Amino acid sequence: MDRKERTEQKMQKLFHSHAAGDEGADGEFMQILQGYIFGEVCYTGSLDDRVRELVTVTVLTTLSALPQLKAHVPAALNAGCTPVEVREAVYQCAPFIGFPQTLNAIAAMNEAFAAAGVELPLPSQKTLTGEDEDERYRKGLAIQAPLYGTEIADRYAWLPGDFAQAVPRFLTELCFGDFATREGLDGRTRELLTVVLLAALGGAELQVKSHAAGALKAGSTKEEVVCALVHAGCYMGIPRLFNALNACKEILA
C-alpha cells in the first residue's frame, strides 16, 4: 500500500470514516495531519493500534486536548481497547497532571462513552480493601520498589521536618497505592503510558528517563518505548519528542 491507501485504511478502522479530501475550510491541513499520523507513524514500529490509542488518550489527557480526546475514545474502542482500559489510562494521569485536569478529561471521556452506548458507571477496578491504615503504602511500595528502589526517598531526604518522609510516602501511596494497584491495565502498560505522559508534560525529562528505565524493568522493550514516544510526538510535538529521546539516550541506545 502507498501512503494514501494506508491513511484511508487506518481512518476506516479507527474512525469509520474516509480520509480527508479537499472538502471543508482546512482540507489541506487535515490531509497533512492524517497522512503523517495515520499513513506513516501508525505503520512504523511494533506497537499495535490498541496500545497506540492508549498512548494517544494519555497524551491528549495530559495536554487537556478535550475535543480530540472525545474523538479518540471511540477510536480506542474501535482499535480493541475496552472501556475500562481507556478509563484507567485517563485515571492514572491524575498524580502527574493534577486532579482538576484529570476531572475535565474524565468528563470528556464519559461524554464519548455515552455517545458510543457504553453503560456507566464502569465496573470497579479497585483492589485496595481498606484492611488497615498502611495498606495503600504497603501495597504501593510492593509495586514501586522493584522498579525504582528507594530513589525518591533518597532524593528528597533533604526536605525539612516531616516532609522528608511525607513527600516520598505521598508518592508511594497515590501513584502506586491508589492507581497502580488497580486492575484494568497491566503494570507493563501502565509504565509505558507513564513515560509518554511525562514526555508530554514537558520539562520533566529527569522523570522521563527514570520511568523509561522503569518501563524496561516492567517488560517493555527499548523499541517499544521509542515507538510509544514517537507516536506521542504526533500530539505533543517534535520538540518534546526530541527532549524525551535525548533524556533517555543512554538507556535506549
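**Reading a predicted helical chain**

Me: Why does Gly184 count as partly exposed?

Reply: The label follows from relative accessible area: under 20% is buried, over 50% is exposed, and partly exposed lies in between (1.4 Å probe, protein chains only). Gly184 is partly exposed because its relative accessibility is 28%. The model is predicted, with local features requiring pLDDT of at least 70 and side-chain atom pairs pLDDT 80 or more, whereas totals for chains, interfaces and linings use all residues. Residues are numbered from 1 along each chain as its sequence is written, and side-chain values use heavy atoms, with hydrogens and water left out.

Me: Where is Gly184 placed, and which residues does Gly184 touch beyond four places away in sequence?

Reply: Gly184 sits in the loop joining helix H10 (163-180) to H11. A contact requires heavy atoms within 4.5 Å. Beyond four places in sequence, Gly184 touches Val84, Glu85, Glu88 and Gln125. The C-alpha atom of Gly184 is also 8.9 Å from that of Val86, although 98 residues separate the two along the chain.

Me: Is Glu85 buried or exposed?

Reply: Glu85 is buried, as its relative accessibility is 11%. This residue belongs to helix H5 (residues 83-91). Apart from residues up to four places away, its contacts are Arg50, Leu54, Gly80, Gly184 and Leu185.

Me: How many helices and strands does the chain have?

Reply: Both elements are DSSP runs numbered from the N terminus: helices are H or I with at least four residues, and strands are E with at least two. The chain has 15 helices and 0 strands.

Me: Which residues of helix H14 are buried?

Reply: An α-helix has 3.6 residues a turn, so residues three or four places apart point the same way. In H14 (residues 238-247), the buried residues are Leu241, Ala244 and Ala247. Viewed down the helix axis, they fall within an arc of 130°, so they line one face of H14; the arc is that of the directions from the axis to the C-beta atoms. The face turned away from this buried side carries the exposed residues Pro239 and Asn246. Cover for the buried residues includes helices H11 (187-201), H12 (205-217), H13 (222-236) and H15 (249-252).

Me: Which residues does Met236 touch beyond four places away in sequence?

Reply: Met236 touches Val59, Leu63, Ala199, Ala200, Leu229 and Leu241. Met236 lies in helix H13 and is buried, with 9% relative accessibility.

Me: Where does the backbone call for a closer look?

Reply: Most residues other than glycine have a negative phi, and most peptide bonds are trans. The peptide bond from Leu120 to Pro121 is cis, with omega near 0°; Pro121 is in the loop between helix H7 (99-115) and helix H8 (135-148). His16 has a positive phi, near 55°, and lies in the loop between helix H1 (3-15) and helix H2 (27-39). At 56% relative accessibility, His16 is exposed. Ser64 also has a phi near 55°; its loop runs between helix H3 (49-62) and helix H4 (66-78). Ser64 is partly exposed, at 32% relative accessible area.
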